[in-house]
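Subject: Structure for your review

Dear colleague,

Please find the structure below, followed by a summary of what was found in it. I would be grateful if you could read the two side by side.

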Amino acid sequence: MFGTALLLAGLFVGCDQGRRMGRGFVFPAGDAARGQTAFVALQCNACHRVDGVPELPGPVISPEKVVMLGGKVMKVRSYGELVTAIIHPKYEISDKLAHASAYPESPMHQVNDTMTVTQLLDIVTFLQPRYQQLEPIYEYPVH
């Protein structure tokens, strides 16, 4: 009986058409200070600057390739989007930049085999509050 229930549960999970979405995930709280340390330890700063954190060591790549994280944006990056960008950088590149960029794949190096879950949670906790949503600008016709 238990085996049948387990098999049915596996089949229902398998009906998700291969999508591995984060719906229903609840991550434990991270620590922003440790996240800043992990950001440097994992050499994220080699290609990224973080808005409002000038004390980070600077990127080592050419300035036109530096990716700014945080700052004023039209849409604030969600926790899940930041987790995805870190652990699956090709996902975002493939949809947005694959045809318009010199990089058919993300130039970001994979850290999944070296980064701990704690480091991931801490880095996301460090980065997410750095994003500020821009207020929309509405232009009204003058009568």
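Two rings of Phe, Tyr or Trp (its six-membered ring) are taken as a pair if their centres lie within 6.5 Å; planes under 30 degrees apart count as stacked, over 60 as edge-to-face and the rest as tilted. On that basis, the structure, which is a predicted model, holds 2 aromatic pairs.

One of them joins Phe 27 and Tyr 79: the ring centres are 5.6 Å apart and the planes stand at 35°, so the pair is tilted. This pair links distant parts of the chain, since Phe 27 sits in the loop between α1 (2–14) and α2, while Tyr 79 belongs to helix α3, 52 residues apart. Phe 27 counts as partly exposed because its relative accessibility is 36%.

Phe 39 and Phe 126 form an edge-to-face pair, with 5.8 Å from centre to centre and 65° between the planes. Because Phe 39 lies in helix α2 and Phe 126 in helix α5, the pair ties together parts that are 87 residues apart in sequence. Both Phe 39 and Phe 126 are buried.

Helix α5 (residues 117–127) deserves a separate paragraph. Of its 11 residues, 8 are buried, so the helix is largely enclosed by the rest of the structure. Besides Phe 126, the buried residues of α5 include Leu 120, Leu 121, Ile 123, Val 124 and Leu 127, and also Gln 119 and Asp 122. The cover over the buried residues of α5 includes helices α2 (32–41) and α3 (79–87), together with strands β1 (48–50), β2 (67–69) and β4 (131–133).

Turning to strand β3 (residues 71–73), Lys 72 is found there. Lys 72 counts as exposed because its relative accessibility is 60%. Leaving aside residues up to four places away in sequence, Lys 72 touches Gln 132 and Leu 134. The C-alpha atoms of Lys 72 and Gln 133 are separated by 5.6 Å, although these residues are 61 residues apart along the chain.

As for the protein chain as a whole, there are 5 helices and 4 strands, which follow the pattern α-α-β-β-β-α-α-α-β along the sequence. Buried residues make up 24% of the 143 residues. Among contacts with a separation of 6 or more, 58% are between residues 24 or more positions apart. The chain exposes about 10800 Å², of which carbon and sulfur atoms supply 61%.

With kind regards

Terms used:
Residues are numbered from 1 along each chain as its sequence is written. This is a predicted model: local features need pLDDT of at least 70, side-chain atom pairs count only at pLDDT 80 or more; totals for chains, interfaces and linings use all residues. Side-chain values use heavy atoms; hydrogens and water are left out. Helices (H or I, at least four residues) and strands (E, at least two) are DSSP runs, numbered from the N terminus. Buried means under 20% relative accessible area, exposed over 50%, partly exposed in between (1.4 Å probe, protein chains only). Contact means heavy atoms within 4.5 Å. Accessible areas come from the Shrake-Rupley method with a 1.4 Å probe; for residues, only the protein chains shown count as cover.
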